[in-house]
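Q: I am new to this structure. Please show me how to read its features one by one.

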Amino acid sequence: MENELAKSMHKVDEIEDSANVYVTDNVFYTIIGMAAGDVEGVHSLADLSSQEALTKPSQRVFNRCAKLDFGENEVDVSLCLNIAYGNSIPEVSKNVQNRVISSIADMIGYTVRRINITIADVVMP
């Protein structure tokens, strides 16, 4: 378990010479899920593998809707969403990308290199 946690830790900051600040993958998943879910036109998050709707926000949901690929202080994100019927898919997708990019930059300080979005379904609001 300790080894798994170490693999999912990402250095965010160095406090003086002897202390570092790390966040786990879960922090990224939660920020991505909350940011994407707040965008108008997003009906729900969807599971990347099954593309089923994940309507109850929780950590277990967020890590199923996104995939992360890390570089040094940067990350690529793949995200799966359901869009509410009547919304422009390109517009909602761009708004999600912008919200996720700014949320990760503001809260963690990482750069998002790219966000790939898969629209699993269009859902009646």
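Q: Which residues touch the most other members in the largest nonpolar core?
A: A nonpolar core is a set of buried Ala, Val, Leu, Ile, Met, Phe, Trp, Tyr and Cys residues joined through side-chain atoms within 4.5 Å. Buried means under 20% relative accessible area, exposed means over 50%, and partly exposed lies in between (1.4 Å probe, protein chains only). Here the largest core has 27 residues, and those touching the most other members are Phe28, Ile32, Val77, Leu79, Val96, Val100 and Ile104. Helix H2 (25-37), strand S3 (42-46), helix H3 (59-65), strand S5 (66-71), strand S6 (74-84), H4 and S7 each supply at least two residues of this core. H2 gives the most, six residues.

Q: What kind of model is this, and how are residues numbered?
A: This is a predicted model, in which local features need pLDDT of at least 70, side-chain atom pairs count only at pLDDT 80 or more, and totals for chains, interfaces and linings use all residues. Residues are numbered from 1 along each chain as its sequence is written, and side-chain values use heavy atoms, with hydrogens and water left out.

Q: How many helices and strands does the protein have?
A: Helices (H or I, at least four residues) and strands (E, at least two) are DSSP runs, numbered from the N terminus. This protein has four helices and seven strands. From the N terminus on, they run α-β-β-α-β-β-α-β-β-α-β. Of the 125 residues, 35% count as buried.

Q: Which residues is Phe28 in contact with?
A: Contact means heavy atoms within 4.5 Å. Neighbours within four places in sequence are left aside, and Phe28 then contacts His10, Val23, Leu68, Phe70, Val75, Ile104, Ile108 and Tyr110.

Q: Where is Tyr110?
A: Tyr110 sits in the loop between helix H4 (89-107) and S7. Tyr110 counts as buried because its relative accessibility is 5%. Beyond the neighbours within four places, its contacts include His10, Lys11, Phe28 and Glu74. A polar atom of the Tyr110 side chain lies 3.1 Å from the backbone oxygen of Lys11. The C-alpha atoms of Tyr110 and Val12 are separated by 7.7 Å, although the two residues are 98 residues apart along the chain.

Q: Is Asp25 buried or exposed?
A: Asp25 is found in helix H2. Asp25 counts as buried because its relative accessibility is 19%. Not counting residues up to four places away in sequence, Asp25 touches Ser8, His10, Leu68 and Phe70.

Q: How many salt bridges does a search of the whole structure find?
A: A salt bridge is a side-chain nitrogen of Lys or Arg within 4 Å of a carboxyl oxygen of Asp or Glu. The search finds two. Arg113 pairs with Glu74, the closest N and O atoms being 2.9 Å apart. Arg113 lies in strand S7 and Glu74 in strand S6, so this pair ties together parts that are 39 residues apart in sequence. Arg113 also pairs with Asp76, again with closest N and O atoms 2.9 Å apart. That pair links distant parts of the chain, 37 residues apart. Together, Glu74, Asp76 and Arg113 are linked in a network of salt bridges.

Q: Are Arg113, Glu74 and Asp76 buried or partly exposed?
A: Arg113 is partly exposed, with a relative accessible area of 37%. Glu74 is partly exposed too, at 25%. Asp76 is buried, at 14%.

Terms used. A polar contact is a pair of N or O atoms within 3.5 Å; within protein, one must be able to donate a hydrogen and the other to accept it, and residues adjacent in sequence count only if both atoms are side-chain atoms.
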